[in-house]
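Keep the model open while reading.

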Amino acid sequence: MSVNRAQRVDLEVVTDLIPANSRVLDVGSGDGLLLELLQETKQVDGRGLELSQRGVNECVARGLSVVQGDADKDLEFYPDKGFDFVVLSQTLQATRNPKLVLDELLRIGNRAIVSFPNFGHWRVRFSLLVKGRMPVTKDLPYSWYDTPNIHFCTIRDFVNLCEELGATVEKATALDANGQKIGLSMPWWFWNFFGQQAVFLLRR
Amino acid sequence: MAAQRAARTNDEADHPSSPVLQFGPDKPLKLDAGTFLAPFQIAYQTYGTLNDARSNAILVCHALTGDQHVANTNPVTGKPGWWEVLIGPGKIIDTNRFFVICSNVVGGCLGSTGPASTNPTTGKPYGLDLPIITIRDMVRAQTMLIDHFGIEKLFCVLGGSMGGMQVLEWAASHSERVFCVLPIATGARHSSQNIAFHEVGRQAVMADPEWHGGKYLDFGKRPEKGLAVARMAAHITYLSEAALHRKFGRNLQDREALTFGFDADFQIESYLRHQGMTFVDRFDANSYLYLTRAMDYFDLAADHGGRLADAFAGTKTRFCLVSFTSDWLFPTEESRSIVHALNAAGASVSFVEIETDRGHDAFLLDEPELFAAINGFIASAARARGLSL
């Protein structure tokens, strides 16, 4: 996934959720930006799982503990509660079986942190409603035919999935188009309309 | 010239050019075969200086036909050390910073006790009287060498292929004595196909009448034809179809047309014959039998109740595994299954697969991505170990 400005903000939100010296598994660690940030600011014991070989090789060359693997296939090899936190940043929508992946995250980590682009954002709705076209935005730059994002969901959809999996939402944050946190006092429908990104802290 | 090199190889078995550590009857090597080897010796090379804390030592494990001359001119062949692209002053594994040790494996033929060494009870070469040696035995001997240097914990153990097996064995059986490991182009067990290729090689050696039931040195002979064929077959497995095609295609060797005979019409034939011929000058045939057997017997999961993850239970050692896309001797899946086991054991592990058409032998070559991975891994581990850069 390409890293852009709003996404960097979501990494900061993720980092804020993780206490120092935690054991962290970053699923879909990309070029290692989050792991590096966590190691520098929180001295975590961090590991990564990344699909793209290029991403993995770059991470390892920078001294990060990352293995090549597929979130859909390789999570089963990790032991129960082997990590304090398992992070899935901007990757859920690209997995083949998001429900299974989320289930695995909750099994492997004492806590799971999931961030994803909200498909309920008003720009997305606007694009479909008015233009009749699949949305292509700054944060979702792919056309429908070449997108790796095969399972989009809205914030509401995600909350439903969490309920289905028996996961408790400990904390949730929505970020608007400028990467600003949307006020906690706002109702779900507001988040679902104006949140471009969402970050959830879950446990089971 | 070839005869001289062969004589030199025979000589290296008992009196190597390298320093030798001798263990008397009071310090036998315990063998998996259920016996003890005593006396025995280990020939080794070192590079760089051991620091006062004895914390900067790196052990390099050599592959099947490798030796201890990892970063110096080989005394038998006159060629550069087999990993000089990686190891030396200012190189990725910088001998100005690290104390690098490489020893000839037990069962080898360049100075550590092996089948070509003189059996003290008979005064003749061991031949097949040497007990079968395993990867675990090799590593046990290496721990005795490390003890000799007063090194409690190695900073790193690395190696490819059979060397990688030794690295995994270090991590499994002596994890408290090694901070980080780099097993490259290897597997936690030898596959059926790999055992098959080794058996072809061994049968070629044993079918050579000059082998004399393993006692050829007593007759002043060497089963060169058999060993050359073994090497030719094995060498194919170290390359890839794509690399062979790129290098040789169907090109003819010094001729315009097919000769309608069994000369080496094709370049690839000529190349393999050359590989076979040069190999027999520098390697002992019985040693080839012993070392291929050691690899065949290697099965780390079987040593730990059938579950590979148990081999690494509770390990604090950092791992970095490397495989190559075109390696069909130790394909990526072999490394991946080790990674899965390490993940299950909660170990700290990195794993890179490197895109190349150079096959298994890629680990010995100048592969920038391999070097970048090794460099990143070593540098980060050195920081964690508190070794100054």
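## Two helices in chain B

B:Ile135, B:Arg136, B:Met138 and B:Val139 in H2(B) meet B:Met165, B:Gln166, B:Glu169, B:Trp170 and B:Ser173 in H3(B). Contact here means that the C-beta atoms of two residues, placed from the backbone, lie within 7 Å. The residues of this contact divide into five nonpolar, two polar and two charged. Nonpolar covers Ala, Val, Leu, Ile, Met, Phe, Trp, Tyr, Cys and Pro; charged covers Asp, Glu, Lys and Arg; the others, Gly among them, count as polar.

The model is predicted: local features need pLDDT of at least 70, side-chain atom pairs count only at pLDDT 80 or more, and totals for chains, interfaces and linings use all residues. Residues are numbered from 1 along each chain as its sequence is written, while chains are lettered from A and ligands numbered from 1 in the order in which they are written. Helices (H or I, at least four residues) and strands (E, at least two) are DSSP runs, numbered from the N terminus.

Two packed helices are described by the angle between their axes and the distance between the axes. For H2(B) and H3(B), the angle is about 70 degrees and the axes are 9 Å apart. Axes are lines fitted to C-alpha atoms, for helices over the stretch in contact, and angles run from 0 to 180 degrees between N-to-C directions. H2(B) and H3(B) are therefore roughly perpendicular to each other. The classes are roughly parallel (under 35 degrees), roughly antiparallel (over 145), roughly perpendicular (65 to 115) and oblique (the rest).

The 14 residues of H2(B) should span 20 Å at 1.5 Å a residue, and its end C-alpha atoms are 20 Å apart, which agrees. The expected span is 1.5 Å times one less than the number of residues. Buried residues in H2(B) include B:Ile135, B:Arg136, B:Met138 and B:Val139. A residue is buried if 20 or more other C-beta atoms lie within 10 Å of its own, exposed if 12 or fewer, and partly exposed in between. H2(B) is followed by B:Gly150, whose phi is positive, near 70 degrees.

## An enclosed helix

How many of the 13 residues of H8(B) are buried? Ten are, so H8(B) is largely enclosed by the rest of the structure. Among them are B:Ser287, B:Tyr288 and B:Tyr290. The cover over the buried residues includes helices H2, H3, H4 and H5 of chain B.

B:Gly114 lies in the loop between strand S8 (99-103) and H2 of chain B. B:Gly114 is buried, with 26 other C-beta atoms within 10 Å. B:Gly114 and B:Asp14 are 100 residues apart in sequence, yet their C-alpha atoms are 9.2 Å apart.

B:Ala204 lies in helix H4 of chain B. B:Ala204 counts as buried, with 24 C-beta neighbours inside 10 Å. Its contacts, not counting residues up to four places away in sequence, are B:Gly226, B:Val229 and B:Ala230.

## Where the chains meet

The contact takes 21 residues from chain B and 16 residues from chain A. On the side of chain B, H11(B) gives the most, with eight residues. By class, that side has ten nonpolar, eight polar and three charged residues.

H3(A) and H11(B) pack at an angle of about 45 degrees, with their axes 7 Å apart. That makes H3(A) oblique to H11(B). A:Asn57, A:Val60 and A:Ala61 are the residues of H3(A) in this contact, and their partners in H11(B) include B:Ala372, B:Ala373 and B:Phe377.

## Backbone exceptions

Most residues other than glycine have a negative phi, and most peptide bonds are trans. These residues stand out.

| Residue | Backbone value |
|---|---|
| A:Lys81 | positive phi, near 50 degrees |
| B:Phe260 | positive phi, about 55 degrees |
| B:Pro39 | cis peptide bond from B:Ala38, omega near -10 degrees |

A:Lys81 is partly exposed, with 13 other C-beta atoms within 10 Å. B:Phe260 is exposed, with 7 other C-beta atoms within 10 Å. B:Pro39 sits in the loop between strand S3 (36-37) and strand S4 (40-47) of chain B.
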